[in-house]
Every structure is written in structure tokens, then in C-alpha cells.
Amino acid sequence: MQQPRTNLILCLLALALLPACETERSQGEIYEEDVLPPLDSPGVGDDTRLTAVAQIRPLGGSGISGTVIFVTSGDGIEMSGNIRGLNPGNHGFHVHEGTTCAQAGGHFNPTVMVHGAPSDSMRHVGDLGNLEAEADNMAQVSGTFEAISLDGPNSIVGHALIIHQGEDNLTSQPSGDSGPEVGCGIIEINETNSYFERTSIIAVGRVPVRREHNGQRA
């Protein structure tokens, strides 16, 4: 007669432990299923385009932060993201030749051109023009750039993405007279190249997203 009672005790213990399992998520932690559609949704999971990301950090105590995503497309590289902490107005935005934020060097210029606007035929590969920050101190990154690449001789991977204090006038040589560097991030290939990796960063900004790998939490 002891077996049914033992089973009942075990069941009650299992039920008591369920809330503890739920608390394994740290406060503020977000999982992909919280913000993203299921993997079997139309168009999800079959996009294997080469992607990269740059996490923008402040320089000189500027307080700037943000994330920029790069995705290959038929027309070039699609860029998207948000930058926070900028003074309202235009800010020069370039890929530099350096591979560290401490030594970013000049504009990335493998084709040995003069400085110009992104729409000019004569320009540095790294010339991305300006970011416009609104009154809320945020600038949105959006556009497709045909001169840059994530592979080959014009690859920007491993280079510094720089935001400047002032506006790039798009004509002054050699760099548009946009003032000191106030934000920087190194462009890195997204090794997973997954829909979840790109969309997670865009959806939740700097909050880490836990992903599933072979049925287990990463």
C-alpha cells in the first residue's frame, strides 16, 4: 500500500519544482520565441545571405551606443540599425581602414579615390555619408550601399565603423571635415547567418537573446 502514496509524493514534488524551472531566466532576459515568429513561418529559416554586425561603443565619453546590421543583397549591402546618444543634427558616418577603434586610421579606400558622397562615382568605399539624429538623440541607419561588400577586395569586415561629432560636408579632402570620432564598432561576420540572429538584434537592441541549438538553450 506504500507505492501509491510514494507516487503521490513524487508528483507533488515535481509540481513544486516547476516554478523554480521558470525562474532560470534572468530578469530582462528575452528568448527568441518571445519576439520572433516560429521557424516554420513563411520565409523564415531559408535566408542564408551573408550578414555582419557592428556594436557601436562610445569614444571620448560620448555615451553613444547602438547596433548596425549588414546584409548582402542583389543591389549591394543593406544596412539597418539605431544609434543612441547623438546630439541632434548630422554626423559623419564612415568605414575606416583600421581594425581597432583605438587606431581607426583614415577612410577605407581600397580603390584609391577621393572623398565624396555615397552617390558620387568618385568616393571612398567607406564613405557612407551622414547619420541624422533627431531631437530624441537617436539616429536610424537605413539604406543600401553598392560600393561596400562583406567579401572580396572591397570587404568591410574587420574594419572600424566610425561616427563623427560633426557633419560630413561630402567635399572637403581627405575626409569631409566631420570632426572627432565619437562612436566606433568593429564590423564582424555573423557566423550563424541566421534569420534569428539578425532579427533578434534588431528586435531587442542590446538585450541578449537566447537561441536554440540542437534543442538546447545557448
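1. Among contacts in the protein (heavy atoms within 4.5 Å) between residues at least 6 apart in sequence, 62% join residues at least 24 apart. The model is a predicted one, in which local features need pLDDT of at least 70 and side-chain atom pairs count only at pLDDT 80 or more, while totals for chains, interfaces and linings use all residues. Residues are numbered from 1 along each chain as its sequence is written, and side-chain values use heavy atoms, with hydrogens and water left out.

2. Of its 218 residues, 38% count as buried, that is, under 20% relative accessible area with a 1.4 Å probe, protein chains only.

3. Asp168, in the loop between β8 (160–164) and β9 (181–186), is buried yet has no salt bridge, the nearest side chain of opposite charge, Arg123, being 11 Å away; a salt bridge here is a side-chain nitrogen of Lys or Arg within 4 Å of a carboxyl oxygen of Asp or Glu. The side chain of Asp168 does make a polar contact with the side chain of His94 at 2.7 Å, and a polar atom of the Asp168 side chain lies 2.7 Å from the backbone nitrogen of Leu170. Beyond neighbours within four places in sequence, Asp168 is in contact with residues including Gly92, His115 and Asn130.

4. Ser149 lies in the loop between β7 (138–145) and β8, and counts as buried because its relative accessibility is 15%. The side chain of Ser149 reaches the backbone oxygen of Asp151 at 2.6 Å.

Technical notes
Buried means under 20% relative accessible area, exposed over 50%, partly exposed in between (1.4 Å probe, protein chains only). Helices (H or I, at least four residues) and strands (E, at least two) are DSSP runs, numbered from the N terminus. Lys and Arg count as positive and Asp and Glu as negative; His and the chain ends are not counted. A polar contact is a pair of N or O atoms within 3.5 Å; within protein, one must be able to donate a hydrogen and the other to accept it, and residues adjacent in sequence count only if both atoms are side-chain atoms.
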